[in-house]
Amino acid sequence: MSTRRREDSIWAAPPLESLNLVPGYEFVTYDVSTVVPPPREHKLSTISEFRRNVSNFNAISLSLESKKLLQINEDEAIEALASHVRGHCCYGDKPLRELTLSKILCSSTFHYKLETFTEKRQIAWSFEPYNGDDLGSTSIDYPPQPWEIDVPQPSVFINHIQCTHCHGEGQIVHLSGYREHCSVCQTKGVEKCYKCSGLGYHVCKTCAGRGQIKVFIRLNVSWTNHIDDHVSEKTDLPSKLVKRVSGHLILDDQQANVCPINHFPDITVNAASEQLLRHHAEKFKDERIILQRHQVRLVPVNEVNYKWRGRPFKFYVYGHEKEVYVPDYPQTCCWGLTDCVIA
C-alpha cells in the first residue's frame with residue numbers, strides 16, 4: 001500500500017494487487033512511467049526539396065560579402081557607441097569626444113538553430129474521492145493503448161502539458177475507472193485524529209468523507225520544444241549576445257524530419273547541423289518527434305577599432321538593432337567617485 005502523511009491525516013492508495021487488471025496495462029504502478037512510442041514512418045525531405053532549400057546559399061553569400069547589407073559607416077559607429085555610453089552612468093565621455101577611428105571590420109556571423117517538437121506520454125495508477133459521478137464502462141475488454149488514445153495536438157514549437165483526466169477542458173477519459181472502498185477509514189468517512197491521540201475523529205482526506213474512492217489510470221501528455229543552436233563567430237563577441245539580436249533569415253526549413261545542411265558556405269554550420277540532428281535523434285527516443293525546424297540567421301557584426309591617447313581599443317556593433325559590446329572601455333567610474341582612466 002502506498003501511503004503519505006499530510007498534516008495529521010494519512011493518504012493511502014489501494015494495494016496494487018487489489019486493483020482490476022487492465023489488458024495491456026499490467027505493468028502500471030503508482031509511479032509514473034514513460035511509454036515508448038511505436039515506430040512510425042516519417043516522410044523525409046527529398047533531395048530535390050533539400051536542394052531547393054539551399055540553392056540560394058551561394059548567391060546569398062556573394063551578395064552579403066559585398067557588405068552592403070552588413071557594414072556600418074563611421075557616423076553609425078560613433079552614434080552607436082554614444083548611445084551605449086549614455087546608458088552607462090559610470091562611463092566617461094572623454095574617449096567618445098577624443099577617439100580616432102582606425103578601421104571597421106565587418107564579418108558574417110551565422111546563428112544556426114534546431115527545434116525538435118516532441119510528444120511524450122506517461123501513465124500511472126491514480127485515485128481521488130468518488131463524488132458519485134458517472135464512471136462510464138467499468139469493464140473494458142480491450143482498452144486503447146496509451147499511443148492509441150486520440151489527444152488533440154496543440155500549437156507546435158511551444159511547450160504544453162496536459163492530462164487526459166481532464167484533457168485541459170474538464171473532460172475525463174478513463175482507461176479503467178471504478179469505485180473502491182476507502183482503505184484508510186474503512187468506508188466510515190472519518191478517521192482517528194493523531195493530534196488528540198485518537199480521542200477524536202476528523203473527516204478522512206483520502207475519500208473526503210465519502211467512504212469511497214475512484215481508482216483509474218491517468219495518462220499525462222506533454223509536448224516539448226527542444227532547442228539547440230550554434231553560433232559561427234570569428235570575433236571576440238560572446239556568442240550569447242548574437243543569439244539575442246535579429247539578423248537576416250537565410251534558411252527556414254520545416255519538416256517531419258529535416259535533413260542536415262551540407263551545402264552551406266560556412267562548414268561549421270554544416271557540421272553543427274549534422275551533429276545536433278544526430279543528438280536530437282538519440283536523446284529523445286522516449287518521445288515521438290512531431291515536427292522539426294531549423295533556421296540559419298546571418299547577424300551583422302562590425303568590429304570598430306579606434307585609438308585614444310595613443311592606445312588601441314575596440315568595440316562591436318552587432319545585429320539589426322545596432323547593439324554595442326565594449327570589452328575594454330578606457331574610462332569608467334568607480335562607485336561614482338573616481339575616474340579610472342587608462343593612460
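Predicted model: local features only at pLDDT ≥ 70, side-chain atom pairs only at ≥ 80, totals over all residues.

Student: What makes strand E3 and E4 a pair?

Tutor: Two strands pair if there are at least two bridges between them. E3 (residues 33-35) and E4 have three bridges, in the antiparallel sense, so they qualify as a pair.

Student: Which other strands does E4 pair with, and over how many bridges?

Tutor: With E11, E4 pairs over 19 bridges, in the antiparallel sense. Histidine 111 stands opposite arginine 297 of E11. E4 is also joined to E9 by 20 bridges, again antiparallel, and here proline 129 stands opposite isoleucine 213.

Student: Why is E4 called largely enclosed?

Tutor: Because 21 of its 30 residues are buried, E4 is largely enclosed by the rest of the structure. For the protein chain of 343 residues, 45% count as buried.

Student: Back to arginine 121. How do you know that arginine 121 forms a salt bridge with glutamate 119?

Tutor: The cut-off is 4 Å between a side-chain nitrogen of Lys or Arg and a carboxyl oxygen of Asp or Glu. Here the closest N and O atoms are 2.6 Å apart, so the pair passes. Both arginine 121 and glutamate 119 are buried. By this rule there are nine salt bridges.

Student: Why do aspartate 229 and lysine 243 count as a salt bridge?

Tutor: Their closest N and O atoms are 3.2 Å apart, and the limit is 4 Å, so the pair counts. This pair links distant parts of the chain, 14 residues apart: aspartate 229 is in strand E9, and lysine 243 is in the loop between helix H5 and strand E10.

Student: Are those two buried, exposed or partly exposed?

Tutor: Buried means under 20% and exposed means over 50%, with partly exposed in between. Aspartate 229 has 27% relative accessibility, so it counts as partly exposed. Lysine 243, at 38%, is therefore partly exposed too.

Student: What about the salt bridge of aspartate 266 and lysine 234?

Tutor: Their side chains meet at 3.8 Å, N to O, so this pair also falls within 4 Å. The two are 32 residues apart, with aspartate 266 in the loop between E10 and helix H6, and lysine 234 in the loop between E9 and H5. Aspartate 266 is buried because its relative accessibility is 10%, whereas lysine 234 is exposed, with 59%.

Student: Why is proline 312 called exposed?

Tutor: Proline 312 has 62% relative accessibility, and the cut-off is over 50%, so it counts as exposed. Its place is in strand E12 (residues 311-318). Leaving aside residues up to four places away in sequence, proline 312 touches Tyr306 and Lys307.

Student: How do you know that the span of helix H3 is close to the expected one?

Tutor: H3 (residues 74-86) has 13 residues and reaches 18 Å from its first C-alpha to its last, close to the 18 Å expected at 1.5 Å a residue.

Student: Which residues of H3 are buried, and what covers them?

Tutor: The buried residues are Ala77, Ala80, Leu81, Ala82, His84 and Val85. Their cover includes helix H4, strand E4, strand E11, E12 and strand E13.

Notes: Residues numbered from 1 in each chain as written. Heavy atoms only, no water. Buried < 20%, exposed > 50% of the residue type's maximum accessible area, 1.4 Å probe, protein only. Helix = DSSP H or I, 4+ residues; strand = E, 2+ residues; numbered from the N terminus. Contact = heavy atoms within 4.5 Å. Expected span 1.5 Å × (residues − 1).
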